[in-house]
Amino acid sequence: MQSTTTNTEYTASPSALNEQKNNAVHTDESKYQFVPLTKNESSFLNKKRKSWKFANPKDLYTFRDQPVGIFNHLLHIVIFLVCLFLLISIYYLPFDQEFINGVGSYNTITPLERFSRTLLVGLILFNLNSLRVNLKAYPIKRYWFAMAANSLLKVVILNIYYLLLIFLSMAFVGASKGVDLFSALEMLEDSTNYEQFLIFDTFISFGIIWHAFKFCRKEVKQ
Amino acid sequence: MKYIIVLALILILYPQPSYAKSELPYGCDEYSKVEEKSFVLFNKKQFIKLGECAGEALVKAKKIYNIAAACSEVVEDKNSLLGIFSLSKVEAIKMGVCLGAIKAVYNRYDRELVLVNSRYRSTKRYYSCKKGMAAVNELVASAKDEYYKRSELRDILCDRVY
């Protein structure tokens, strides 16, 4: 399809500082001023370039002209599928049911939760689509899966941090009332503040996805 | 074209599966179709009616479980911030169960004659039962047991008056 490493325009970018001398003619953007790199800095840069990127869309975007290896590509596909399975199992499989004695068991999902889940899944699909559109203008081999897997894994990791934060704060709230963590969570679910918490949660989840998929919406063209 | 795709996506994504395992009491078979509907947003009244039917049947037939939790949903619905947007199927049916139980007790015992036999004389009295929000608040406050029979509910909800 294309060879990204031999692109002449690419070396004008600041990410290729150590190859600057050969391509001084093509530096039409004079705003990048080249500084000499020390040995440590260049080794750091080289290390960053060749490192495996799994939850790091920012570095992947910066070094997007480095070719993605076939093994990395396979790992990216696996990560993408696992994260997709996680999201589907959280948002779609009906784990949330409650049994009413003598009437039957029904699901406990509210219209607000439905709305927020639809919004989040739609946001993910929108971002993946805009990544596809960006790559149509400037195709890079094996970049779509790499970026999608990185962004999705970042969403998962940020969500884990967020969950830990909630657990920690609920443990503090529970300790101040003299109960343990799980009864504190139950109390939160029964309390009248739960709806406000859900609205807050929707905004936070929206922000997490918007932040993690930031580099999907950026143009890949140099 | 783009907007049509977006609309189609939303239409596919929004109705998430809602599996209901039916165990409706005898006599509420007419609501078996209501059960399968997944949108509380458009069918709140029907779900409450389904719950009412089930609650009445349960009170008449045997005993009713967890009525204080069911009635607290009614209070919660009255005080909720988002109204119907934060009402799930379970909560709508629970509200119905509470209201149905109150209705069954009211229909059976209100203005019924009761003979109180004391040692010296027997006096005629009547039951006067609570209805509506007063009854709901009474049940939330004082129905602490796991299950109640109809006569026990009557003792909570009804007073003996002359």
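## Ground rules

Contact here means heavy atoms within 4.5 Å, while helices (H or I, at least four residues) and strands (E, at least two) are DSSP runs numbered from the N terminus. This is a predicted model, in which local features need pLDDT of at least 70 and side-chain atom pairs count only at pLDDT 80 or more, whereas totals for chains, interfaces and linings use all residues. Residues are numbered from 1 along each chain as its sequence is written, chains are lettered from A and ligands numbered from 1 in the order in which they are written, and side-chain values use heavy atoms, leaving out hydrogens and water.

## A helix pair in chain A

Let's begin with α5(A) (residues 143-177) and α7(A) (residues 194-212), which pack at an angle of about 145° with their axes 9 Å apart. Axes are lines fitted to C-alpha atoms, for helices over the stretch in contact, and angles run from 0 to 180 degrees between N-to-C directions.

From α5(A), residues including Val155(A), Leu158(A) and Tyr162(A) meet a set in α7(A) that includes Phe197(A), Ile204(A) and His211(A).

## The sheet in chain B

An open, antiparallel sheet of three strands runs in the order β3-β4-β6 in chain B; strands pair if DSSP finds at least two bridges between them. Because β3(B) (113-117) and β6(B) (158-161) are edge strands with a single partner each, one side of each lacks a neighbour in the sheet.

Strand β4(B) (residues 122-129) pairs with β6(B) over four bridges, and Tyr127(B) stands opposite Arg160(B) of β6(B).

## Helices across the sheet

Two helices lie across β4(B) and β6(B): α5(B) (residues 89-109) runs at about 150° to β4(B), and α7(B) (residues 150-157) at about 65° to β6(B).
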